[in-house]
Amino acid sequence: MLQHVLIEPLNLALKQNEIDYVTFTSASSVRGFVTAMQGIDFTGITGICIGEQTNAEAKKYGIQTVVAKEI
């Protein structure tokens, strides 16, 4: 499955601070990311969130966040 192929390199890139931001489109995408990326210190990640519910979910895991503004 493609998802499993991508997890290991993504996990390594996060541990080596090679990724600046992760974009989250929903609270469930935050939960999926956290589940897939076990063993990561989420406090070093900045999440770009599309709304307040997504923002709140990311903060539960210690992810620093920026919330997109409405246009």
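Helices are DSSP runs of H or I with at least four residues, numbered from the N terminus. That numbering is used in the legends below, which describe a predicted model.

**View 1. Two residues of helix H3, Glu57 and Lys60, joined by a salt bridge.** Glu57 and Lys60 lie three residues apart in helix H3, so about one helical turn separates them. The closest N and O atoms of the two residues are 3.1 Å apart. Are these residues buried or exposed? Glu57 counts as buried, because its relative accessibility is 7% and the cut-off for burial is under 20%. Lys60, at 62% relative accessibility, counts as exposed.

View 2. Arg31 is partly exposed, with a relative accessible area of 37%. The salt bridges of the model come to two, and Arg31, Glu57 and Lys60 are linked by them in a network. Side chains of opposite charge can pair when their charged atoms come close.

**View 3. The open sheet of three strands.** The strands are arranged in the order S1-S2-S3, and their pairing is parallel. Which strands stand at the edges? They are S1 and strand S3 (64-67); each has a single partner strand, so one side of each is left without a neighbour in the sheet. From one strand to the next, the twist averages 30°. Four bridges join S1 to S2, and strand S2 (residues 46-49) pairs with S3 over four bridges as well. Within these pairings, Phe24 stands opposite Cys49 in S2, while Ile48 has Val66 in S3 as its bridge partner.

**View 4. Helix H3 against the sheet.** Helix H3 (residues 52-60) packs on the sheet and touches S1, S2 and S3. The direction of helix H3 makes about 175° with that of S3.

**View 5. The two faces of strand S1.** Val22 and Phe24 make up the covered face of S1. Tyr21 and Thr23 make up the uncovered face.

**View 6. The largest nonpolar core.** This core has 14 residues. Those with the most contacts inside it are Phe24, Phe33, Met37, Phe42, Ile45 and Ile63. Helix H1 (2-15), strand S1 (21-24) and helix H2 (27-36) each supply at least two residues of the core. Which element gives the largest share? That share, three residues, comes from H2. In soluble globular proteins, nonpolar side chains tend to be buried together.

**View 7. The surroundings of Met37.** With its neighbours within four places in sequence left aside, Met37 is in contact with Ile7, Leu10, Asn11, Leu14 and Phe42. Both Met37 and Phe42 are among the residues with the most contacts inside the largest nonpolar core.

**View 8. The buried face of helix H2.** Ala27, Val30, Phe33 and Val34 are the buried residues of H2. Why do they line one face of the helix? Seen down the axis of H2, these buried residues fall within an arc of 120°, so they line one face.

Conventions
Residues numbered from 1 in each chain as written. Predicted model: local features only at pLDDT ≥ 70, side-chain atom pairs only at ≥ 80, totals over all residues. Heavy atoms only, no water. Core = buried A, V, L, I, M, F, W, Y, C linked by side-chain atoms within 4.5 Å. Buried < 20%, exposed > 50% of the residue type's maximum accessible area, 1.4 Å probe, protein only. Contact = heavy atoms within 4.5 Å. Arc of directions from axis to C-beta. Pairing = 2+ DSSP bridges. Axes fitted to C-alpha atoms, helices over the stretch in contact; angles between N-to-C directions. Salt bridge = Lys/Arg side-chain N within 4 Å of Asp/Glu carboxyl O.
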